[in-house]
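Here is a brief report on one model. Look over the sequence and the fold before reading on.

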Amino acid sequence: MPVVSKYSNERVETLINEVVEVLQREQTPLDLALMVLGNATTELINGSVKPEQRAAVADKFAKALTASVK
């Protein structure tokens with residue numbers, strides 16, 4: 001069963017393009033880009049998710065990431 005998002009594909013694609021544009025403009029090497037994105041993800045989880053739910057959210061995110069690169 002496909003996952004249904006509450007966000008439009010257009011909104012998601014626009015945000016992705018803006019983030020990637022910044023990384024490309026700065027000629028960011030892959031390892032640094034991944035470090036920045038990982039740290040930003042950590043900041044978002046720590047700033048928006050209750051401490052007792054953070055590990056579950058991070059695990060779900062990691063599984064979704066792994067599934068998307070297979």
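## Helices and the model

Helices here are DSSP runs of H or I with at least four residues, numbered from the N terminus. By that count, S68 belongs to helix α3. The model is predicted.

S68 is exposed, because its relative accessibility is 54% and the cut-off for exposed is over 50%. How far apart are S68 and P29 in sequence and in space? They are separated by 39 residues along the chain, and their C-alpha atoms lie 21 Å apart.

Two packed helices are described by the angle and the distance between their axes.

Helix α2 spans residues 30-48, and helix α3 spans residues 51-68. Their axes come within 10 Å. The crossing angle is roughly 145 degrees, and the crossing is right-handed. On the α2 side, T41, I45 and N46 make the contact.

## The loop between α1 and α2

Q27 sits in the loop that links α1 and α2. Its phi is positive, at about 50 degrees, although Q27 is not a glycine. Is Q27 buried or exposed? Q27 has a relative accessible area of 68%, so the residue is exposed.

I16 counts as partly exposed because its relative accessibility is 41%.

Definitions and conventions
Residues are numbered from 1 along each chain as its sequence is written. This is a predicted model: local features need pLDDT of at least 70, side-chain atom pairs count only at pLDDT 80 or more; totals for chains, interfaces and linings use all residues. Side-chain values use heavy atoms; hydrogens and water are left out. Buried means under 20% relative accessible area, exposed over 50%, partly exposed in between (1.4 Å probe, protein chains only). Axes are lines fitted to C-alpha atoms, for helices over the stretch in contact, and angles run from 0 to 180 degrees between N-to-C directions. Helices (H or I, at least four residues) and strands (E, at least two) are DSSP runs, numbered from the N terminus. A crossing is left-handed if the near helix is turned anticlockwise from the far one by less than a right angle, and right-handed if clockwise. Contact means heavy atoms within 4.5 Å.
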